[in-house]
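Please read them with the structure open.

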Amino acid sequence: MASAAEQLASNLNFSAFSKADELKKRIWFTLGALLVYRLGTYIPLPGINLAAYAQAFNNQAQGILGMFNMFAGGAVERMAIFALGIMPYISASIIVQLMTSVVPALEQLKKDGEQGRKVINQYTRYGTVLLATVQAYAIAAGLQGSQGIVTNPGPFFMFSTVITLVGGTMFLMWLGEQITARGIGNGISLIIFSGIVANLPQAISGTLELGRTGALSTGIILAIIVLTVAVIGIIVFVERAQRRLLIQYPKRQVGNRMFQGDTSHLPLKLNTAGVIPPIFASSLLLLPATIAGFAQSHQMPAWATTILSSLGHGQPAYMALYAAMIVFFAFFYTALVFNPKDTADQLKKHSGFIPGIRPGERTAEYIDYVLTRVTVLGAIYLVVICMLPEFLISWAGVPFYLGGTSLLIVVSVTLDTVAQIQGHLIAHQYEGLIKKSKLRGGKRNR
């Protein structure tokens, strides 16, 4: 079966793609949904003086708002209806997933299959509304407190801004779910991906302009290019890397026939968590920025000002906390998506075993042992990829869009989407082969 799949994968071409009508519909739906998202990032909030806002944003663009703007696809820079982006939904997902490991009732829902998953998803939506409302109110208060940005300050502006921003986030959440169900790839990841890619040309031109004016030397620009290419190569290599555990199946007898024992492999990805840890870590680090945002005109306690300033982009506390969160979420998300005990039980149920390891509990312990060490390497890889360019950004003032997090998201989402497209093409070719064999069988019967 594996060799047949590889044969089909190697034979994929434009001819096969042209015949896959279902796949083309999914791709067109995905592109249309992402186009709607991009259009929404250019629709500004009502009651905003865009010239005054642009000046205020430029004064803070090199702070953490620059990263917020990156994940929002440039919507923060334009204070568009999608300025909150999809981050409140991601933050709510983190909180709910953490609670499923602590609250027994949620843990039971997680074990209840599809019905329990729907209930948990509903709780996530409620959490998204709550977080988005808090963040939207903070943004509205910050805008209203800044001189000259709001044309008609007052309760109506506060209400309309909160409703618009929360509605924008909920629409993006729904749009992401629709892409996942009816399109290609993970909808939430693709929304973040499209926002980063759309602003990459601007970031590249900005970097070249810094080189032209002498703000960045030619050597630094060449180093950025080399580092970017190297980071992309490392991401592609590691995202495809696996630790394969040999699985053996004993000989079995069916009737009077004896079937030879088979072997297969249990693949453990080096980075099982994928792009989730840096997205989760960035999402949580952006929450304090919402409080600060445009609230410089408001009097804040000295301790709050100290904490918020220490969490600024490029600050040591920010770097340390970002790295720690990446490591934590690498292990946490891996534990969520891969359960060694369930895998060991499935192997035992089908009479499979790892050579030299007793089936059952010992197999689960061995898989957990290997997975933990693989995840350590994956977490180190994520920290290096995300932090190395961050030091360059902090030191040389390179735009945020050229950071390791953005490259990791772009490359990982691209690999995942291409893999899904190939999977659909392989399934389509298999269906075609089955139909042909049935037609031939019917002709022979006649």
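Predicted model: local features only at pLDDT ≥ 70, side-chain atom pairs only at ≥ 80, totals over all residues.

1. Residues are numbered from 1 along each chain as its sequence is written, and side-chain values use heavy atoms, with hydrogens and water left out.

2. The protein chain has 18 helices and four strands. Of its 446 residues, 45% are buried (under 20% relative accessible area; exposed is over 50% and partly exposed lies in between, with a 1.4 Å probe and protein chains only). Among contacts (heavy atoms within 4.5 Å) with a separation of 6 or more, 76% join residues 24 or more positions apart.

3. Back to α3: its buried residues are L23, R26, T30, A33, L34, Y37, R38 and G40. Seen down the axis of α3, they fall within an arc of 160°, so they line one face of the helix; the arc is that of the directions from the helix axis to the C-beta atoms. The face turned away from this buried side carries the exposed residues K25, W28, L35 and L39. An α-helix has 3.6 residues a turn, so residues three or four places apart point the same way.

4. Helix α15 (residues 316–337) gives a similar check: its 22 residues should span 32 Å, and its end C-alpha atoms are 32 Å apart, which agrees. Buried residues of α15 include Y318, Y322, F329, F332 and Y333.

5. The axes of α9 (residues 114–145) and α10 (residues 155–182) come within 8 Å and cross at roughly 140°. Axes are lines fitted to C-alpha atoms, for helices over the stretch in contact, and angles run from 0 to 180 degrees between N-to-C directions. That makes α9 oblique to α10 (under 35 degrees is roughly parallel, over 145 roughly antiparallel, 65 to 115 roughly perpendicular, the rest oblique). Residues of α9 including V129, A132 and A136 meet a set in α10 that includes V162, L165 and M173.

6. α9 also packs with α7, at an angle of about 130° and with the axes 8 Å apart. The two helices are therefore oblique to each other. The contact involves, among others, Y89, A92 and V96 of α7 and Y123, T128 and L131 of α9.

7. Which residue other than glycine has a positive phi, near 45°? That residue is M79, in the loop between α6 (75–78) and α7 (87–100). Most residues other than glycine have a negative phi. M79 counts as buried, at 2% relative accessibility.

8. F57, in helix α4 (residues 50–60), is buried at 4% relative accessibility. Its C-alpha atom is 9.0 Å from that of R78, 21 residues apart along the chain. E107, in helix α8 (residues 104–111), is partly exposed, with a relative accessible area of 34%.

Methods
Expected span 1.5 Å × (residues − 1).
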